[in-house]
Amino acid sequence: MRQIGTIHDEQNAQRFGDYLTTLKIENSIDPASAGWAVWVHDDDDLARAGEELAKFQANPGDAAYDGVARTAKKVRVQAQRAQVRRGREFCDVRTEWSGVE
């Protein structure tokens with residue numbers, strides 16, 4: 001996970017984080033000394049996220065960022081459901097086979 005930049009306004013930082021989520025770029029927005037730090041979880045996404053951050057900072061009011069919160073929420077819910085499904089399908093053979101002789 002790496003920080004790609006800082007956004008001064010919390011609302012804009014959250015909006016940008018939601019936008020990255022809609023692009024399937026996992027990210028985190030955390031308070032920092034100079035505003036809100038934008039972190040990207042996967043190094044493979046750093047270049048694209050950096051480009052998107054530059055575009056966002058140049059024009060944070062662009063219509064492309066409108067309504068992203070709703071879409072990002074859907075993406076997060078789908079990811080959470082997939083995580084739960086994977087958890088149900090997980091079998092720890094150390095505990096399952098510990099009594100087998």
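Does R2, at 47% relative accessibility, count as buried, exposed or partly exposed, and what places R2 in that class? R2 counts as partly exposed because its relative accessibility is 47%, where buried means under 20% relative accessible area, exposed over 50%, and partly exposed in between (1.4 Å probe, protein chains only). The model is predicted: local features need pLDDT of at least 70, side-chain atom pairs count only at pLDDT 80 or more, and totals for chains, interfaces and linings use all residues. Residues are numbered from 1 along each chain as its sequence is written, and side-chain values use heavy atoms, with hydrogens and water left out.

The structure contains 5 salt bridges, a salt bridge being a side-chain nitrogen of Lys or Arg within 4 Å of a carboxyl oxygen of Asp or Glu. In one of them R2 is paired with D43, with 3.4 Å between the closest N and O atoms. R2 belongs to strand 1 (residues 2-7) and D43 to the loop between strand 3 (35-40) and helix 2 (46-58), so the pair ties together parts that are 41 residues apart in sequence. Helices (H or I, at least four residues) and strands (E, at least two) are DSSP runs, numbered from the N terminus. D43 is partly exposed, at 40% relative accessibility.

A salt bridge also joins the side chains of R15 and D66, at 2.6 Å from N to O. This pair links distant parts of the chain, 51 residues apart: R15 is in helix 1 (residues 10-22) and D66 in the loop between helix 2 and helix 3. With a relative accessibility of 48%, D66 counts as partly exposed.

D18 and R76 form a further salt bridge, their closest N and O atoms lying 2.7 Å apart. Since D18 is in helix 1 and R76 in helix 3, the pair ties together parts that are 58 residues apart in sequence. D18 is buried, at 7% relative accessible area, whereas R76 is partly exposed, at 38%. Elsewhere, a network of salt bridges links R48, E52 and K55.

R76 is also one of the residues lining the largest pocket, together with T21, K24, I25, E26, N27, V75 and A79. A pocket is an open set of points on a 1 Å grid, where a 1.4 Å probe fits, with protein on both sides within 12 Å along at least five of seven lines; lining residues have an atom within 4 Å of a point. The largest pocket holds about 250 Å³ of space. Helix 3 (residues 68-89) gives the most to its lining, with 3 residues. By class, the lining comprises 3 nonpolar, 2 polar and 3 charged residues.

Key. Grid points are joined across faces, edges and corners, and a volume is the space filled by probe spheres set on the points. Ala, Val, Leu, Ile, Met, Phe, Trp, Tyr, Cys and Pro count as nonpolar, Asp, Glu, Lys and Arg as charged, and the others, Gly among them, as polar.
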